[in-house]
Amino acid sequence: MKQASNHTGVRVLYDKGAASQANSEALKAQKLRDGIMRKKPKGKPMSRWNKVRNKAISKRRFVVERTFGTLKRTYGLIISA
């Protein structure tokens, strides 16, 4: 993950693609709160807590994702890394 500027305590919301111990530790090292959605363990059911957590994160991410989707679709917004 990229180095964040001076935003101590800010929750970083991200999808399941970034779910790793290394990313969680990187956020902790930068004093950011972990808002990365959790993956279901292979061959096991997902815990109730992780389902609730993912649902809460996805409700907040949806608003941002919808906005960027509209900007890209309607106005041709191009975001380069």
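**Figure 1. Burial and overall dimensions of the predicted model.** Of the 81 residues in the protein, 19% are buried (buried means under 20% relative accessible area, exposed over 50%, and partly exposed in between, with a 1.4 Å probe and protein chains only). The model is predicted, so local features need pLDDT of at least 70 and side-chain atom pairs count only at pLDDT 80 or more, whereas totals for chains, interfaces and linings use all residues. Residues are numbered from 1 along each chain as its sequence is written, and side-chain values use heavy atoms, with hydrogens and water left out. The C-alpha trace spans about 40 × 30 × 20 Å along its principal axes. The protein exposes about 6700 Å², of which carbon and sulfur atoms supply 56% (Shrake-Rupley method with a 1.4 Å probe; for residues, only the protein chains shown count as cover).

**Figure 2. Order of the secondary structure elements.** The protein contains two helices and two strands, which follow the pattern β-α-β-α along the sequence. Helices (H or I, at least four residues) and strands (E, at least two) are DSSP runs, numbered from the N terminus. Among the contacts with a separation of 6 or more, 27% come from residues 24 or more positions apart (contact means heavy atoms within 4.5 Å). Tyr14 lies in strand β1 and is partly exposed, at a relative accessible area of 39%.

Figure 3. In helix α1 (residues 21-29), the buried residues are N23, S24 and L27. These residues are on the same side of α1 because they cover an arc of only 100 degrees around the axis (the arc is that of the directions from the helix axis to the C-beta atoms). Their cover includes β1 (11-14) and β2 (33-36). The face turned away from the buried side carries the exposed residues Q21, A22, K28 and A29. Just after α1, K31 adopts a positive phi of about 60 degrees.

**Figure 4. Two salt bridges.** The count of salt bridges comes to two (a side-chain nitrogen of Lys or Arg within 4 Å of a carboxyl oxygen of Asp or Glu). One joins the side chains of D34 and R38, at 3.2 Å from N to O. D34 is buried at 17% relative accessibility, while R38 is partly exposed at 26%. The other joins R61 and E65, at 2.9 Å from N to O. R61 and E65 are four residues apart in helix α2 and are therefore separated by about one helical turn. An α-helix has 3.6 residues a turn, so residues three or four places apart point the same way. R61 is buried, with a relative accessible area of 17%, and E65 is partly exposed at 44%.

**Figure 5. A nonpolar surface patch.** Residues F62, V63, V64, F68, L71, Y75, L77 and I79 make a nonpolar surface patch of about 760 Å². Patches are made of residues with over 30% relative accessible area and no salt bridge; like charges are joined within 9 Å and nonpolar side chains (Val, Leu, Ile, Met, Phe, Trp, Tyr) within 5 Å. Y75 belongs to helix α2 (residues 48-75) and is exposed, with a relative accessible area of 65%.
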